[in-house]
Amino acid sequence: GAAPTSTSAACINLAGTYTVSLIGTGSVGTLTLGGASGTQTLLVQGTPGTNSILTISTATGSDIASSGVFQLDTQSGGGYGALEGGSGVTLTNDGTFETTSEGTNVDYIEAGLTNDPGATVSIAGANTHQDETTTTTNNGTFTVTGSGLLALSSASTLTDSGGTLTDSGSLTLNNSKFIQS
């Protein structure tokens, strides 16, 4: 079939264990990630010479199911990996959302992220930025690993609403807020 567009509902939900990689740019209206069985991974990977960006254009309706894994990855010497959508778009996580990197290039979270109870966010990327006036709300498990950095800027907000937040790396705020509720 054809590649999704900014008005398409992109579904990565067939049963089985596999990875779909985005190298370059892609736009979807909504994203559904995760199927009935197995593990379905969406890898947005910056590679040498290529920034990789997934843009979600519809405010609500995008979800990572319990079997889904959304991964932002930046290779050493590569371009960045980014989730975009701006302050009006939210991706709901009921599975796993993670950043990784093999160098110091940036992974960008530029869309709202809601981490539901039972879900996991792992910031292992050495240089992960959340900006564009976005909000991350944690009701599950949220970890900045020992090798991870999460830098919030541009009036972004991280709210821990009864989840578990562990910072073993570095969490920085620049013109942004952390709220414990």
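Predicted model: local features only at pLDDT ≥ 70, side-chain atom pairs only at ≥ 80, totals over all residues.
Local features need pLDDT of at least 70, side-chain atom pairs count only at pLDDT 80 or more, and totals for chains, interfaces and linings use all residues. Residues are numbered from 1 along each chain as its sequence is written, and side-chain values use heavy atoms, with hydrogens and water left out.

Start with the empty space. Rolling a probe the size of a water molecule over the atoms shows where such space is left. The largest pocket holds about 260 Å³. A pocket here is an open set of points on a 1 Å grid over the protein atoms alone, where a 1.4 Å probe fits, with protein on both sides within 12 Å along at least five of seven lines. Grid points are joined across faces, edges and corners, and the volume is the space filled by probe spheres set on them.

The largest pocket is lined by 16 residues; a lining residue has an atom within 4 Å of a point. Closest to the centre are P4, A10, L22, V28 and L54. Strands are DSSP runs of E, at least two residues long, numbered from the N terminus. β1 gives the most, with 4 residues. By class, the lining has 12 nonpolar residues, 4 polar and no charged. Nonpolar covers Ala, Val, Leu, Ile, Met, Phe, Trp, Tyr, Cys and Pro; charged covers Asp, Glu, Lys and Arg; the others, Gly among them, are polar.

β1 runs parallel to β4 (residues 30-33), joined by 4 bridges. Two strands pair if DSSP finds at least two bridges between them. C11 has T32 in β4 as its bridge partner. β4 also pairs with β7 (residues 62-64), in the parallel sense, over 2 bridges. There, L33 stands opposite I64.

Now turn to β11 (residues 107-115). Is this strand enclosed or open? Of its 9 residues, 7 are buried, so β11 is largely enclosed by the rest of the structure. Buried means under 20% relative accessible area, computed with a 1.4 Å probe on protein chains only.

Which strands pair with β11? β9 (residues 81-93) runs parallel to β11 over 9 bridges, and G86 stands opposite A111. β13 (residues 128-130) pairs with β11 in the parallel sense through 3 bridges; I109 faces Q130 there. β14 (residues 135-138) is joined to β11 by 3 bridges, again parallel. In β14, N138 is the bridge partner of N115.

Terms used. Buried < 20%, exposed > 50% of the residue type's maximum accessible area, 1.4 Å probe, protein only.
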